[in-house]
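Trainee: Could we go through this model together, one question at a time?
Mentor: Gladly; please keep the sequence and the structure in view while we talk.

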Amino acid sequence: MTAAARGGGRRPHVVDDRPWDPDAVERLTPEQERFYLASQWTLMWWKFRRHRLAVWSGALLALAFGSILICEILAPYNLHTRDTDFIYAPPQAVRLFHEGEFVGPFVYGFDYALDMTTLRRVYTPNAGKVQPVRFFCLGDGYEFWGVLEMRFHLVCPAEGGTLFLLGADRLGRDMFSRTLYGARISLTVGLIGIAISFLLGVVLGGLSGYYGGWVDGAVQRAIETIRSFPELPLWMALSAALPVTWSPVLVYFGITVILGLFDWTGLARAVRSKLLALREEDFATAAVLMGAKPRRVIFRHLLPSFTSHLIASATLSIPGMILGETALSFLGLGLRPPITSWGVLLNEAQNINVVALYPWLMLPVAPVIVVVLAFNFLGDGLRDAADPYS
Amino acid sequence: MIAYIAHRLTIMAPTLVGISLVTFVIIQLPPGDFLSTMIAECEARGESSCMDDLETFRRDFGLDEPLWRQYVIWVTDLLRGDMGVSFEYNKPVEEVIGPSLWLTVIVSGATIVFTWVVAFPIGVYSATHQYSWGDHGLTLIGFLGLATPNFLLALVMLFAANVWFGTSIGGLMDPEYIDADWSWAKFVSVLEHLWIPVVVIGTSGTAGLIRRLRANLLDELQKQYVVTARAKGLPPGRALVKYPLRMALNPFIADIGNLLPQVISGAVIVSVVLSLPTTGPVLLRALQTQDMFLAGSFLMCLALLTVVGVLISDLLLAVLDPRIRLGAGAGHR
């Protein structure tokens with residue numbers, strides 16, 4: 001047939017005897033159909049899944065947040081357990097083989113000596129003291145979630161032995177356990193803070209974008225005012241103003257409120273610019289003409305069109321709060337013991353002596369870095385996925 | 001251009017009022033003022049002369065008046081250049097703040113220049129070599145700088161410099177120069193000390209700038225005119241530098257507004273760790289002793305610094321980019 005067509009000769013008359021299907025051209029392959037029928041959230045999930053780093057970061061954060069639910073069980077020691085025989089003990093390495101023989105995970109016990117010239121405590125691992133790590137064991141007592149008296153741990157030191165995976169601090173408390181407990185405070189500070197800033201940002205940005213006019217002007221000026229204050233000094237001033245008489249728990253809530261109170265400006269700007277564009281759309285006009293009140297128009301019709309963007313930008317501002325809390329507590333203006341956060345732990349590493357003599361006191365910075373990075377990558381992935389049609 | 005400047009200045013006015021209000025609230029926040037503490041001390045010592053001093057204080061600052069009157073008194077004093085008295089140092093606030101504020105300006109300025117110098121080549125490289133190992137590696141380093149708390153980095157650098165270079169790098173100059181007049185030797189000494197805080201503070205801002213420059217440049221590189229330029233045989237280097245790069249440069253100027261508060265925040269905590277004679281340590285001390293006039297004035301000066309910085313960056317941007325100058329000027333004439 002092609003030869004005939006090319007030759008320009010007369011074509012033979014052909015009748016296709018299959019029944020004619022008018023939709024044949026437009027019919028979709030099953031994959032295409034699956035794609036077109038998928039909801040917006042499903043599309044976002046597919047797009048998010050392609051961002052490997054973001055998926056791994058999300059998994060890591062899920063693990064971290066899961067761990068704060070059961071940190072009492074995961075930690076080998078209680079938060080407040082002190083062992084004055086092991087003040088400033090260095091980290092103990094977990095080994096598997098003792099003199100060429102497989103023993104399972106164990107640590108070498110410490111020999112303690114006081115260096116009489118420098119008055120420094122010297123701990124040397126003694127290869128004769130093999131202290132196997134116990135699993136699913138009974139150890140330090142604690143109150144699970146502050147109510148249940150329990151002694152069960154995932155790992156414990158050997159009977160009469162020690163297990164300082166990240167060393168011990170100036171009171172002989174296990175840094176690893178304290179870091180695990182610290183996650184509970186440090187991670188939730190960001191969450192509560194972002195909840196407050198999310199609420200403020202959506203409401204104020206919504207009002208500003210929907211009404212325009214003087215409301216918009218006022219909110220914009222407020223945003224500019226807040227943005228011209230450098231964050232940290234402002235946070236410092238406000239947390240220094242928290243009454244000294246407050247209990248540590250109240251201080252914790254005070255700090256989270258302070259962190260959230262000044263972070264909404266970015267979100268409010270995003271909400272406003274989106275609303276300014278969206279309120280001109282036909283569906284918004286239709287809703288107004290049908291008599292919907294502003295609150296319904298904003299929250300029912302306009303906000304859902306960019307919720308995904310909001311979630312992405314909220315995720316990106318959590319790390320700032322975690323770093324803020326860490327910095328405040330490091331300066332001694334934030335949380336105070338007995339509340340333990342990563343910043344409070346780092347407060348011990350305030351001077352250069354610590355870096356020189358007890359560098360493991362700086363280790364709580366590792367989870368800070370990991371969590372901040374993970375939030376950044378996760379937020380990046382969410383932001384890319386927020387617009388699945390691009 | 002004049003219309004634009006005028007418009008920009010009128011926008012600033014309400015912001016300044018807002019800043020003064022926030023500062024005033026912060027000064028008033030702590031329960032009980034410094035004065036009542038001093039009165040208690042005076043009574044304990046039982047000296048009548050110090051009670052007289054306090055009475056003058058009380059009258060000068062209108063501490064018995066209602067709050068809004070106190071605010072008016074405070075603002076009018078401010079406009080006359082009188083920031084009140086630091087109770088802790090027993091000196092006018094501006095004398096305490098002045099020198100350290102200058103050093104803060106120097107450190108912040110140097111940090112911003114450093115951020116630019118580092119971010120520019122990295123951003124261009126990342127955009128032109130998108131998804132290469134170099135791109136991923138440099139991005140990761142940038143992110144690490146973003147995620148590491150400044151104060152800890154400062155501490156480690158302090159230690160490292162001590163061990164490897166044998167110099168004590170705390171402070172902003174060698175001790176013998178602190179009260180000396182400015183000379184070449186003093187200048188060199190300042191430079192020797194300046195790089196640590198600049199690098200430490202700069203790390204946190206660099207990542208953001210790199211990413212924005214990279215994103216902007218990537219957008220530009222995909223546009224038609226770049227394709228045309230390449231198709232017409234323009235060498236790749238020229239096809240990059242001549243137009244796309246210039247278009248992507250805006251964030252460098254526009255970002256001062258975002259960068260400056262961040263840099264000043266970083267400077268505060270880093271200077272506490274490195275004990276630099278900038279605002280950080282003095283502010284911290286003022287907050288700890290609840291010397292609120294001093295603390296509030298500090299906060300306000302830092303905010304003003306930001307406002308002025310943003311103003312300068314906006315004006316620069318308007319000079320560079322006629323779209324901004326003409327667009328905003330026409331819109332509000």
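**Reading a two-chain model**

Mentor: A:Tyr88 is found in the loop between helix H5 (71-74) and E1 of chain A, where helices (H or I, at least four residues) and strands (E, at least two) are DSSP runs numbered from the N terminus. This is a predicted model, in which local features need pLDDT of at least 70 and side-chain atom pairs count only at pLDDT 80 or more, while totals for chains, interfaces and linings use all residues. Residues are numbered from 1 along each chain as its sequence is written, and chains are lettered from A and ligands numbered from 1 in the order in which they are written.

Trainee: Is A:Tyr88 buried, exposed or partly exposed?

Mentor: A residue is buried if 20 or more other C-beta atoms lie within 10 Å of its own, exposed if 12 or fewer, and partly exposed in between, with C-beta atoms placed from the backbone. Phi of A:Tyr88 is near 55°, a positive value in a residue other than glycine, but the class rests on the neighbour count alone. Because A:Tyr88 has 18 other C-beta atoms within 10 Å, the class is partly exposed.

Trainee: And what is the class of A:Phe136?

Mentor: A:Phe136 is found in strand E4 of chain A, and its phi is also positive, near 45°, in a residue other than glycine. Since A:Phe136 has 10 C-beta neighbours inside 10 Å, it counts as exposed.

Trainee: In which order do the strands of the open sheet in chain A lie?

Mentor: Two strands pair if DSSP finds at least two bridges between them, and in this sheet of three strands the pairing is antiparallel. The edge strands, each pairing on one side only, are strand E1 (95-98) and strand E3 (120-132) of chain A. The order is therefore E1-E2-E3.

Trainee: How many bridges join E1(A) to strand E2 (residues 101-115) of chain A?

Mentor: The two strands run antiparallel, with A:Phe97 standing opposite A:Phe102 in E2(A) and A:His98 opposite A:Glu101. Their hairpin has two residues between the strands, and there A:Glu99 takes a positive phi near 50°. The number of bridges joining E1(A) to E2(A) is three.

Trainee: Which residue takes a positive phi in the hairpin of E4(A) and E5(A)?

Mentor: Strand E4 (residues 134-144) and strand E5 (residues 148-156) of chain A run antiparallel and are joined by seven bridges, and the bridge partner of A:Arg134 in E5(A) is A:Cys156. The hairpin has three residues between the strands, and the residue with a positive phi, near 55°, is A:Trp145.

Trainee: How far apart in space are A:Leu335 and A:Gly254?

Mentor: A:Leu335 is found in the loop between helix H13 (307-331) and helix H14 (342-346) of chain A, and it counts as buried because it has 28 C-beta neighbours inside 10 Å. Although A:Leu335 and A:Gly254 are 81 residues apart in sequence, their distance in space, C-alpha to C-alpha, is 9.5 Å.

Trainee: Turning to chain B, how far from B:Gly123 is B:Ile210 in space?

Mentor: B:Gly123 is found in helix H5 (residues 93-128) of chain B, and because it has 26 C-beta neighbours inside 10 Å, B:Gly123 counts as buried. B:Gly123 and B:Ile210 are 87 residues apart in sequence, yet C-alpha to C-alpha they are separated by 4.7 Å.

Trainee: What span should helix H4 (residues 67-79) of chain B have?

Mentor: The expected span of a helix is 1.5 Å times one less than its number of residues, and H4(B) has 13 residues.
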